[in-house]
2 protein chains.
Amino acid sequence: MPAFGSSVPVGLAESVPVRVADPPHRGAVEDSLGALVGLVGPDLAACNRTIVERMASPVELIPRLAAHLVAAGGKRLRPLLTLAAARLCGYPDAAAGGDGLRHVRLAACVEFIHSATLLHDDVVDESQLRRGLASANAVFGNQASVLVGDFLFARAFQLMVADGSLRVLEILSRAAATIAEGEVLQLATQNDLDTSEARYLDVVTGKTAALFAAACQVGAVVAGREAAAEQALAEYGLKLGIAFQLVDDALDYAADQATLGKTVGDDFREGKTTLPVLLAYAAGDAAERAFWERTIAAGEQSEADLAQAFRLIRAHRAIETTIARARDFAAEAQAALGLFSSSPLRQAMLDAADYAVCRAR
Amino acid sequence: MPAFGSSVPVGLAESVPVRVADPPHRGAVEDSLGALVGLVGPDLAACNRTIVERMASPVELIPRLAAHLVAAGGKRLRPLLTLAAARLCGYPDAAAGGDGLRHVRLAACVEFIHSATLLHDDVVDESQLRRGLASANAVFGNQASVLVGDFLFARAFQLMVADGSLRVLEILSRAAATIAEGEVLQLATQNDLDTSEARYLDVVTGKTAALFAAACQVGAVVAGREAAAEQALAEYGLKLGIAFQLVDDALDYAADQATLGKTVGDDFREGKTTLPVLLAYAAGDAAERAFWERTIAAGEQSEADLAQAFRLIRAHRAIETTIARARDFAAEAQAALGLFSSSPLRQAMLDAADYAVCRAR
C-alpha cells in the first residue's frame, strides 16, 4: 500500500494537459457525442426511467445506494451504444418482435452490469471519488457497495430473462465473466513491471472493452439482424472500448482532477501497470527504472513521487504514445461500421470514436 | 468495530453444547444426510467434476482461489438438493429432454452462486475462517475475493444459458436478487435491537432460504414436472433453509470452534441481531438490556463480553427456543413432501430436515 491516502489531491500544477496530435475542435468533439444522444434521445429517456424503476426494492438501502451511482450521473455511454446499435440495425422491424422497447430494457441491463462492476471496482481500488462525487463505498461503506453491486448484477439478469432472448443472455453472461477475468488479471499484473503490452491489452479488453462490445452486439440481436451485422457491431464496440480505456489510463497521468472527476494518480498509487507507466519504464535509464521499481513494483511511495512520475511520463512522451494507440483502435472501430450505409446515426457513431480519443474525461 | 480482532478464538470453556429436545441419535443424524448422499452419489460425483471443469479460466488466480473454496470442501448441501429434487421428480424422463445431465449442471450452477455469495459474505463480515480453514479473503485478499465471486456468479449464468431453460434462469436470477436483498437487509438490521422476529426471518429467508428453495425448484423444472410439484419442492427448500439458518445462528453462540469450523461469536462481534440475541434482549432485565445496547447496538465490546453474552443467552434458554423454531420449520419442510409417494429418496429428504436441526455444524 502507498504511504499516503488515495484521497489526497494532487496539485493541479503537476498535471499535464492532454496534447493530442491534430485534435478536432473541442466544441466539435462534444457536439459529436451530443449528436448521438440527440438521435436516440427518447430511447435514452425511456432507458433512464427503466433504470430508476428497476432499482426498486423493499430494502430501502438498495435504491438509495444505487441512485447515488446510477441515477446521479454518468454519460450512459454503454446503454447509448445499445440504443444506437439497435436503431442502426433498423429496430424495431418485423423480425424483432416485442413491444418496441426491448432495446431500452437491454440498455438498462447493460448499465446495471456496468454499475455493479463500478461499485465493486471502487471497493477493490479503495476509491474515494467517482464522477467527481464521493464514491458509494466512501459514503455507504464497502459492505453495502459489494452487496448492492450483487443486487444490480442479479437484477440485470432478471431483466434479460424477462426479455426472453437466450442469445442476449449468452452475450451478456459471457461479457460478465470476461469482465471479472479482466479485473482479476489486472490484480495479477498490479506491481508487475514485466507486464507486456499484449497482457495489458488483455486487461483493457476484459475490464472495459468486452462490455462495450456486448452492448453494441445485443443492439443487433434485438433488431433481428444477421450474424455479419452482429459481428461488425461487436467489433466496433470492442475497439471503441479499448480506445476509451487507453485514454482513461492516459488521463490518470495527464488530466487535472477537476476535469477528470476522479482523483488523479489513482493508478500510480495502486501500482497499476498501465501503458503510460510501461512505456516510460521501457524507455527509462537505470535511475528511472529504479524509480519505477521502487514506486510501482515495491509500492514504496512518498508524497513527491507522483510529481516525479508525471515528469518521467511527460519526458518520454508516454501520454502521446498511449493516445496514438487509442487513435488506431478508434480508427478500427470506425472501419467496422463500413458494413452499414451512410446515415446521421452512423456518422454519430463514427464521431463517438473521435470523442473516445479526444474527450477531456 | 469491536475492540478486538475477529480472529481471536473463544475459550472452549465458554461454549454451550447444543442441547436439543429429544435429539435423535447422533450417528442416525449423520447417517440420514449420508443416505441422501448415497442415493445421488454418481450425480454428486459428476457435479463435483463439472464444478472443477467450469472453474477453469486462463486467468490463473481464478481457479486457484475458487478451488480454495469450492473444490476444497463444504457439504454440497444445495447442489445435493437440486440432484435429489430432480430424481424425486423422476428425472430424466421423456419430457425432460437433453443428455440426462441437466440436473448435474444446474446443481453446479447452484453451488457457484452459493460460492460467490460466500466469497462476498466473508469480505463483508471480515471473516478469517470458513469451514475450519483460513477464508479466501484471509489468504488471497478482499480484492480477489470480490472479483472471483463476480466471476463465479457470471459463470453460473453462462452454465444456465447453455442449459437453455428460461424458467430455470428466471428462478435462479430471482433467487440471486433475493439473496442480495437479504444480505443488505441484514446489514440494515445490524446493531438494531428493535429488529422484529418477522424482519429477522426476512433476512434469513433472503440470505439463505431463497437459494435452498430455488435449488429444489429447478430440480422439478428439469424433470418437466407440473407446477404443484415445483411449488412443493420450493416450499420444502424454503422451510429447510430457514431451519438451517436458525440453527446456524444458534450454533454461533453454542458450538465450540473446532466443531463449527468457523470462529464462534462472529455474529456477536459483528453486532448481528440474530434470534438468540433478540430473545435474550427481550427477556432481559434492565442491566442485561444495557449490556446488549452497549455491545450490539453501540458496538462497544471488550474481551469479557462474549462470555457474558453466552451466559445471558444460556440463562434465557435462547438457544433452545431458536432450535425449537427451527424444528417447526423443518416439520413444515417435511410436510411439503406429502405430495410425493413414499420412496427411499423421499425418506432421505425427510431425514435431511432432521439433519438441518440436529447437525453439529
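Modeller: Helices (H or I, at least four residues) and strands (E, at least two) are DSSP runs, numbered from the N terminus. This is a predicted model, in which local features need pLDDT of at least 70, side-chain atom pairs count only at pLDDT 80 or more, and totals for chains, interfaces and linings use all residues. Residues are numbered from 1 along each chain as its sequence is written, while chains are lettered from A and ligands numbered from 1 in the order in which they are written.

Biologist: Where in chain A does A:G164 lie, and is A:G164 buried, exposed or partly exposed?

Modeller: A residue is buried if 20 or more other C-beta atoms lie within 10 Å of its own, exposed if 12 or fewer, and partly exposed in between, with C-beta atoms placed from the backbone. A:G164 has 14 C-beta neighbours inside 10 Å. Its place is the loop between α7 and α8 of chain A, and its class is partly exposed.

Biologist: What distance separates the C-alpha atoms of A:G164 and A:R102?

Modeller: Along the chain, A:G164 and A:R102 are 62 residues apart.

Biologist: How many helices and strands does chain A have, and what share of its residues is buried?

Modeller: The secondary structure of chain A comes to 17 helices and 2 strands. Chain A has 361 residues, and the buried share is 57%.

Biologist: Which residues have the most contacts inside the largest nonpolar core?

Modeller: A nonpolar core is a set of buried Ala, Val, Leu, Ile, Met, Phe, Trp, Tyr and Cys residues joined through C-beta atoms within 7 Å. In soluble globular proteins, nonpolar side chains tend to be buried together. Here the largest such core has 245 residues, and those with the most contacts inside it are A:L172, A:A243, B:L172 and B:A243.

Biologist: Leaving aside neighbours within four places in sequence, with which residues is A:L172 in contact?

Modeller: Two residues are in contact if their C-beta atoms, placed from the backbone, lie within 7 Å. With neighbours within four places in sequence left aside, the partners of A:L172 are A:C109, A:I113, A:M160, A:A214 and A:V218.

Biologist: Which helix gives the most to the side of chain A that touches chain B?

Modeller: The contact takes 35 residues from chain A and 35 residues from chain B. On the side of chain A, α3 (61-71), α5 (102-125), α7 (142-163) and α8 (166-189) each supply at least two residues. With 14 residues, the helix that gives the most is α8(A).

Biologist: How do the residues of that side of chain A divide into nonpolar, polar and charged?

Modeller: Ala, Val, Leu, Ile, Met, Phe, Trp, Tyr, Cys and Pro count as nonpolar, Asp, Glu, Lys and Arg as charged, and the others, Gly among them, as polar. On that basis, the side of chain A that touches chain B has 23 nonpolar, 6 polar and 6 charged residues.

Biologist: At what angle do α9 and α10 of chain A pack?

Modeller: Axes are lines fitted to C-alpha atoms, for helices over the stretch in contact, and angles run from 0 to 180 degrees between N-to-C directions. The contact of α9(A) with α10(A) has 18 nonpolar, 7 polar and 1 charged residues. Helix α9 (residues 197-222) and helix α10 (residues 227-251) of chain A have axes 7 Å apart and pack at an angle of about 145°.

Biologist: Which residues does a cis peptide bond join in chain A and in chain B?

Modeller: In chain A, omega of the cis bond is about -5°, and A:P92 is in the loop between α4 (77-88) and α5. In chain B, omega is about -10°, with B:P92 in the loop between α4 (77-88) and α5 (102-125). The residues joined are A:Y91 and A:P92, and B:Y91 and B:P92.

Biologist: What is the phi of A:N191?

Modeller: A:N191 lies in the loop between α8 and α9 of chain A. With 17 C-beta neighbours inside 10 Å, A:N191 counts as partly exposed. Although A:N191 is not a glycine, its phi is positive, at about 70°.
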